Structure formats: structure tokens, C-alpha cells
Amino acid sequence: MSTLPSLPPTDLAPPPDEPPVRRRRRGTARVRHIALPFGSLLLFLLLWQLLAASGTWSETLVPPPAKVWSAFIDVSTTHDGVRGYNGTTLIEHLGISLRRIALGAGIGIALGVVFGLVMGTVGWVRSLFEPWITFLRTLPPLAYFSLLIIWLGINEEPKITLLAVAAFPPVAVSTTTAVTAVSQSLIEAARALGGSRWDVVKDVIVPSALPETLTGIRLAVGVAYSSLVAAELVNGLPGIGGMVKDAANYNNTPVVLVGIIAIGISGLVIDGLLLRLERAVVPWRGHV
């Protein structure tokens, strides 16, 4: 009876390990990626402390880090019978503002994606709406917030509308640009294979435009965050922007800084989550 030839030992051997030099480089890069942000934070805190201790400005203008930390503890807990700031803790202020951003920016992003797809695929619609979107994109939020208050009152409606209007143009512009940049050869190939107009949009245009659309969504969330304090200028309490505005009225700089830091950190977290979503949805970006 014949037997099958045995494979050479080299074919059965496990793949070679990663070279030590490459492992060390990857480890060094990982440590650097973690250490540099913490190092810059420590340097910033040191410079802040030195500036506050120099006496160049009063503590009302430049409070030391310890005073800001004390204000953070005060607005986060019940202190001397006072709960948080204006009866609401910091996390509650932030949560209310995040809900406003989620609703307002969500509406603006959804409308921006729809308008971008339509303007990118229908030429006359783009010619009709693109100048208006550009006009809206150049307006600062405070320019029309007073008008929204006149139209919608002082409750939640003008705040949500302001955030939606602020988030709409970046998504609409980025989606339109991405759709118009889709390769015509891909579209013609899909049509040649019998794809309907909807099939072309669903299977060719949307996947091709998705990376730039997600970038526009990240930009839109950032614009909405930058408009948060403006959105909460009137009747903004409870809310993190309203807390910052109210504390500024009383020269309570530590609370103002606590609010600004909370907005910045939460913005970094949300942007990081959106970046992870982008990598999960369009893993091919940057590799093709």
C-alpha cells in the first residue's frame, strides 16, 4: 500500500515570532502614545500653578488648580447643605446638556445626510440649496439665536433648533462633496449590471461617501459643542453651558473653569467614540 508523502518539517513549523526590534519599537510607540498626553497635562498644571502663584493676576482671574478642584468637589456633591450648583450636580448639568446636543445635533446630522445625498445626486437641487447652506454655515450661532427666541420662546425649542442648525451644514457639505466625488466608472458598472437608481445609491454611492460623511458628523458634533454655551445663554439652567454663563455673571471663575473642563473632556470622549465608530464602519479607510 502506498503512503502519502510526508510534508517537509519546515511546512509544519509555526510562523516565526515577530522580530525583537519590531516588538521593542511597537512597545516604545505604545508607551509614547500614553505618556505624551499625561506629560503635557502635568506640564500644563505646573505652568498653571506657577502662573497663579506668581501673583501677576488675582485669584479671581487666575485661580490655582487646587481652588478649581475644590469648586469641582462642591458642584459635584452636596456641600454645606447646598446641592451642586443651583441645586443640580455637575453630572446632572452635563447630562442635560448632552441630551440637548444629542437631540439637536442628531436632527441636524440626519437632515444633513439626507440633503447631502440628494444634492450630490440631483444637480438642480444642489444649485438651489448649496448657496443657502453656505450662507448658513458662515453665520455664528449668536447671530440668529435671538431670532429663534423671538420665534420659539425661551424653553427647549430654541436651544434644540440652534444646535440642529449648527450641526446641519458640516454634514450636508461633506456628504455632498463625497457623493459628487464617487467614481463614475463604479456608477456606470452598477447600471450596466442592471442596478436601479436606488440600487446605485444604496450599494455604490452611500458606501463610497460614508468615510467623508462620518468625518462631517465628527465636525458637526464639534460645532454643536462650540454652540452649547450660546444655546444655553437664556434659561440654560440646569445645563453645563448655563452653569458656566451663570457663574461668569458672578465672577465665579473656578466654577467657570470646571464647566469648561467638563465640556472639553466630554467632547474628547464623544469624539473618541465617533472615531472608534468610524474605524469599525469603514475599516478600509487609509488602507486603500
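Axes are lines fitted to C-alpha atoms, for helices over the stretch in contact, and angles run from 0 to 180 degrees between N-to-C directions. The structure shown is a predicted model.

**Exercise 1. Determine how α4 and α12 are arranged relative to each other, and which residues form their contact.**

Step 1. The axes of α4 and α12 come within 11 Å, and they cross at roughly 50°.

Step 2. The crossing of α4 and α12 is right-handed.

Step 3. On the side of α4, the contact is made by L90, L94 and L98; on the side of α12, by V258, A262, S266 and I270.

Step 4. Sorted by class, the contact of α4 with α12 has six nonpolar residues, one polar residue and no charged residues.

**Exercise 2. Describe the packing of α4 against α9.**

Step 1. Helix α4 covers residues 90–121 and helix α9 covers residues 197–226; their axes come within 9 Å and cross at roughly 140°.

Step 2. An angle counts as roughly antiparallel when it is over 145 degrees.

Step 3. The crossing of α4 and α9 is right-handed.

Step 4. From α4, the residues L98, I101, A105, I109, V113, L117 and T121 take part. They meet R197, I205, V206, T213, I217, A220, V221, A224 and Y225 in α9.

Step 5. The contact of α4 with α9 consists of 13 nonpolar, two polar and one charged residues.

**Exercise 3. Classify the angle between α3 and α12, and list the residues in contact.**

Step 1. Helix α3 (residues 65–76) packs against helix α12 (residues 253–281) at an angle of about 75°, and the axes are 8 Å apart.

Step 2. Angles of 65 to 115 degrees count as roughly perpendicular. Thus α3 and α12 are roughly perpendicular to each other.

Step 3. K67, V68, A71, F72 and V75 of α3 make the contact with P254, V255, L257 and V258 of α12.

Step 4. Eight residues of the contact of α3 with α12 are nonpolar, none is polar and one is charged.

**Exercise 4. Identify the residues that touch the most other members of the largest nonpolar core, and examine the surroundings of L162.**

Step 1. The largest nonpolar core has 41 residues, of which L90, I101, L162, I240 and V255 touch the most other members.

Step 2. A second, separate core has 10 residues, including A178, V182, A190 and V201.

Step 3. Apart from neighbours within four places in sequence, L162 is in contact with P141, Y144, F145, L148, S227, A230 and A231.

Step 4. With 1% relative accessibility, S227 counts as buried.

Step 5. Beyond residues up to four places away in sequence, S227 touches P141, L162, L163 and A166.

Step 6. In general, nonpolar side chains tend to be buried together in soluble globular proteins.

**Exercise 5. Decide whether G112 is buried or exposed, and name the residues that it touches.**

Step 1. G112 is found in helix α4.

Step 2. A residue is buried when its relative accessible area is under 20%. The relative accessible area of G112 is 0%, so G112 is buried.

Step 3. When residues up to four places away in sequence are not counted, G112 touches F168, V171, A172 and T175.

**Exercise 6. Locate N86, N235 and P238, and state what the backbone does at each.**

Step 1. N86 lies in the loop between β2 (82–83) and α4. Its phi is near 60°, a positive value in a residue other than glycine. With a relative accessible area of 55%, N86 is exposed.

Step 2. N235 is placed in the loop between α10 and α11. Phi of N235 is also positive, near 55°. At 41% relative accessibility, N235 counts as partly exposed.

Step 3. P238 is in the loop between α10 (228–231) and α11 (240–249). A cis peptide bond joins L237 and P238, with omega about 0°.

Technical notes. Residues are numbered from 1 along each chain as its sequence is written. This is a predicted model: local features need pLDDT of at least 70, side-chain atom pairs count only at pLDDT 80 or more; totals for chains, interfaces and linings use all residues. Side-chain values use heavy atoms; hydrogens and water are left out. A nonpolar core is a set of buried Ala, Val, Leu, Ile, Met, Phe, Trp, Tyr and Cys residues joined through side-chain atoms within 4.5 Å. Buried means under 20% relative accessible area, exposed over 50%, partly exposed in between (1.4 Å probe, protein chains only). Contact means heavy atoms within 4.5 Å. Helices (H or I, at least four residues) and strands (E, at least two) are DSSP runs, numbered from the N terminus. A crossing is left-handed if the near helix is turned anticlockwise from the far one by less than a right angle, and right-handed if clockwise. Ala, Val, Leu, Ile, Met, Phe, Trp, Tyr, Cys and Pro count as nonpolar, Asp, Glu, Lys and Arg as charged, and the others, Gly among them, as polar. Angles under 35 degrees count as roughly parallel, over 145 as roughly antiparallel, 65 to 115 as roughly perpendicular and the rest as oblique.
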